[in-house]
Structures are given as structure tokens and as C-alpha cells.
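Let's take a walk through this one together. Have the sequence and the model side by side as you read.

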Amino acid sequence: MVRVGIIGASGYGGGELIRLLKAHPGVELVGFSSRKHEGKPLSAAWPQLWDEGRFGTLEEVLEQAEVIFLALPNGLAMELAPKALEEGKRVIDLSGDFRLPPEVYESWYGIPHKSPELYREAVYGLPELHRGELGGARLVANPGCYVTATTLALAPLAAEGALRGAFAVGLSGVSGAGREGEGTFFAEVNENLKPYKVGGVHRHIPEMERNLGRLLAQGRPVRTHGPIGEVRLSFVPHLVPMTRGILVTVEAVVEGNWDQKALDELYRDFYAQEPFVRITDALPETKGTYASNRVDVKPLYEARTGRVMVFAALDNLVKGMAGQAVQNLNLMLGLPEETALPKEGLWP
Ligand SMILES: NC(=O)C1=CN([C@@H]2O[C@H](COP(=O)(O)OP(=O)(O)OC[C@H]3O[C@@H](n4cnc5c(N)ncnc54)[C@H](OP(=O)(O)O)[C@@H]3O)[C@@H](O)[C@H]2O)C=CC1
Ligand SMILES: CC(=O)N[C@@H](CCC(=O)OP(=O)(O)O)C(=O)O
């Protein structure tokens, strides 16, 4: 049994990690940190959990766990990860702190990077592309929801060398903004649809471009710190009045002649061995992936215009966050990748 702790256990990512890890046969959960709920039972924050355990301090988790999940706002993992690694722990960070080179991070996140040297060591935790690097990793940068959906929607075209750019429209449930998300009052979100952070300013854009650029330059599998080609992407996110779920609808700018048969073959071959990516016949919908660790992907050739489109749906708190982090944990520990991760969702 590996001793695992969660720092930021009272947030949406932390809660979903507890739910998944309680069912994990290779894990003993030894600590849950929260400033607000320190000393209280887990039920103080989580009505959905059978109440075993109490919230403690960040220091207790750092001391007791062998593997530590950091489920904190951006800017904190860069301070905690060095301490944890110095003490021989392994870290899976759910924030953006180690996903981008420090200079790129600073310009898109507006936060000075406090441990730039660790970026060189971090492995980018998208198992479908980086599986081979994760076994030996001490520090994993776990990608988030929009980036996972958009990268997996376009990865086969990029690895084929055909992708030049893309226009991606993202739709997200409100839990994507976190438990204290700004502008998520019921009265303002309910019966409302709104675009936000448009005009090429959303901080996920450089991460998507780098993921796809790596595939373009390296083919598959990719190395986190290997060469990166040029892909230009527009991204238009929207907030949707639902709890969980991400849908991305992407128009790919491609070279070459494509039709539905060629796209279907490319996508089915690329993801043939993947336990959590399903190429669907029907169009993906968020509810079909609710509470599962699956991504549903559908490429579509529009004959009338010659355009290539791709649709992808996932649960932002599972494959877009905590489920992906558990998938990375399994790979880091050499356990079967699917351990404790649901393939099936909830319906209705
Ligand atoms: N929500 C989503 O769909 C996704 C989120 N992410 C990323 O994952 C990370 C966590 O997100 P999420 O769970 O939604 O966030 P939440 O806002 O729901 O939770 C944040 C957690 O961090 C703790 N916290 C906040 N500030 C501090 C601090 N200064 N020191 C110690 N603990 C602190 C909070 O607990 P307390 O105040 O009790 O200490 C809480 O447990 C973020 O970086 C986010 O960008 C990634 C993918 C998807
Ligand atoms: C609805 C909403 O606000 N969503 C968040 C995405 C959360 C996420 O994916 O987190 P990471 O930034 O850690 O990847 C946003 O647009 O910033």
C-alpha cells in the first residue's frame, strides 16, 4: 500500500480525489489538508462521502504521505513541490504551475515562478501521449479539462503531420471554476450562457498549442521537454449552466485530402489501445461521460465545405482533473492504469 495525501482536500478536485482513491486497492489515504476545515470530519465539506477521516494541516500531509496530490489554486505548488521532493516524496500537481516553461507561465498567468528549475524535471501528465515518461516521474504536471479535451480531439491529426491550426469552442460546467469560482452565483449562471476570456487571452491556449506542436514535431510518443512545432489555435470558452462537463467543438485547419473514412481510420487507429478514449459513432455529449474517466471523441468531415471538425466531451472533475491524476498515479506506481477509474458514467 502506498501512503497518499491530498493538499487542498476541501476543493472540488480534492473531493473527487478522495471519492476515487477510497476505492483504490493500492492506496492508503493518510492525510487531507484544509485551512477552513482543519480538525473537522470530512463531512464538514463533503456530504457525498462516507465519513472516514478528518481534515488536517498541510504540514501533516507533507510528513505522512509518500505521494502527494496538490489540488490548490495556481501559484502554490511551485512553493510546496520543492519541499515535498526534498523529503523524498512524489508529487502530482493539478494546477498550472509546472505545465509550461516558467517564462511562458509568467506571461500567461501573471505570477512570478518560484521554482523554475523544477519545470525541467516535471513530466506532463497526459497519459495518452506521455505514458512512457510517467513511470519514473517524481513530479507530474496534471493537465486540466479544456486542454485535455482539445488536445485529444486534435492529437491524431497533429501526429500525422496534417494539423496547422484550429478554432476551438469550449463549453464548461460551473464546477470548472472551482468551489470558490468567481461569477458562479446560481442567480447569475442559471438560464445564462456566456463567453469569457475571448480574443486569444485564455491561459490554456499556450498549453494546447505546445501539446499539439510536440506531436507535430515528434510524432507519437512525445517527450515533455522535446522539440515543439508551430500550431496556432483560437479558443473561445463559454460558461454553461450545468454542474460538470466539458464539450469542445473544434474546426481543424489541416493539410491534405480528407474524407470521413480517412478520419475514422486515423482516429480509431490512434486511440485503439487507449482505455479511456472512445471514438464514437454518435456525437459526444457531456452527460454520457458524467462521473467517468472517459473522453468521447468524434471526428467529422463536412463534405459541403471540405472542413474537418472534431467534437470531444469529458467530465471536467474526472478525466479533466482528479481521474487523470489517479491515472497518472497508477502509471507512476506501475499499477494497472485503469485501477479505481470508472469507464462508465451516470445516466440520466
Ligand atoms: N475545477 C476544475 O474543473 C479543474 C481545476 N483544475 C485546477 O486544479 C486546482 C484545484 O482546483 P479546484 O479543486 O477546482 O479548486 P477549489 O477552489 O475548489 O479548491 C481549492 C483548494 O485549495 C485550498 N486552498 C486555497 N488557497 C490555499 C492556500 N493559500 N493554502 C493552502 N490551501 C489553499 C482550499 O481549501 P481551504 O481554503 O479550506 O484551505 C481548497 O481545498 C486549480 O489549480 C485548478 O486550476 C484543473 C482541472 C479542472
Ligand atoms: C469554467 C472555468 O472557469 N473554467 C476554468 C478552467 C479550469 C481548469 O481547467 O483548470 P486549469 O486551469 O487548472 O487547467 C477556466 O476557464 O479557467
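A word on naming before we start: helices (H or I, at least four residues) and strands (E, at least two) are DSSP runs, numbered from the N terminus. What you have here is a predicted model, in which local features need pLDDT of at least 70 and side-chain atom pairs count only at pLDDT 80 or more, while totals for chains, interfaces and linings use all residues. Residues are numbered from 1 along each chain as its sequence is written, and chains are lettered from A and ligands numbered from 1 in the order in which they are written.

Start with the open sheet of six strands, whose order is E2-E1-E3-E4-E6-E5, with parallel pairing. At its edges sit strand E2 (27–33) and strand E5 (123–124), each pairing on one side only. Two strands count as paired if DSSP finds at least two bridges between them. As a general point, strands of a sheet pair through backbone hydrogen bonds, either parallel or antiparallel. Strand E1 (residues 2–7) is linked to strand E3 (residues 67–70) by four bridges in the parallel sense, and here Ile7 stands opposite Leu70 in E3. Helix H1 (residues 12–21) lies across E1, E2 and E3, at about 160 degrees to E1. For that angle, axes are lines fitted to C-alpha atoms, for helices over the stretch in contact, and angles run from 0 to 180 degrees between N-to-C directions.

Now look at Ile68, which has its place in strand E3. Is Ile68 buried or exposed? Ile68 counts as buried because it has 28 C-beta neighbours inside 10 Å; the cut-offs are 20 or more other C-beta atoms within 10 Å for buried, 12 or fewer for exposed, and partly exposed in between, with C-beta atoms placed from the backbone. Not counting residues up to four places away in sequence, Ile68 touches Gly5, Ile7, Val61, Leu62, Ala84, Lys89 and Val91. Contact here means C-beta atoms, placed from the backbone, within 7 Å.

Next comes Cys145, in helix H7 (residues 145–159). An unreviewed UniProt entry places the feature "active site" at Cys145; UniProt positions are given in the numbering used here, feature names are shortened, and annotations may be inferred rather than shown by experiment. Cys145 counts as buried because 26 C-beta neighbours lie inside 10 Å. Beyond four places in sequence, its contacts include Ser172, Ile246 and Asn316. Ser172 and Ile246 also stand opposite each other in a strand pair: strand E7 (residues 163–172) and strand E10 (residues 246–254) run antiparallel, joined by nine bridges. E7 also pairs with E9, in the parallel sense over eight bridges, and there Phe167 stands opposite Ser234 in E9.

That leaves the ligands. A residue is near a molecule if its C-beta atom, placed from the backbone, lies within 6 Å of it. Around ligand 1 there are 30 residues, the closest being Gly11, Gly13, Ser95, Gly144 and Gly178. H1 gives the largest share of that shell, three residues. Cys145 turns up again around ligand 2, where the residues also include Ser95, Gly144 and Ser172. H7 and strand E9 (232–239) each give two or more residues to this shell, with H7 supplying the largest share, three residues. The shell around ligand 2 divides into six nonpolar, six polar and no charged residues, where Ala, Val, Leu, Ile, Met, Phe, Trp, Tyr, Cys and Pro count as nonpolar, Asp, Glu, Lys and Arg as charged, and the others, Gly among them, as polar.

Notes
Contact = placed C-beta atoms within 7 Å.
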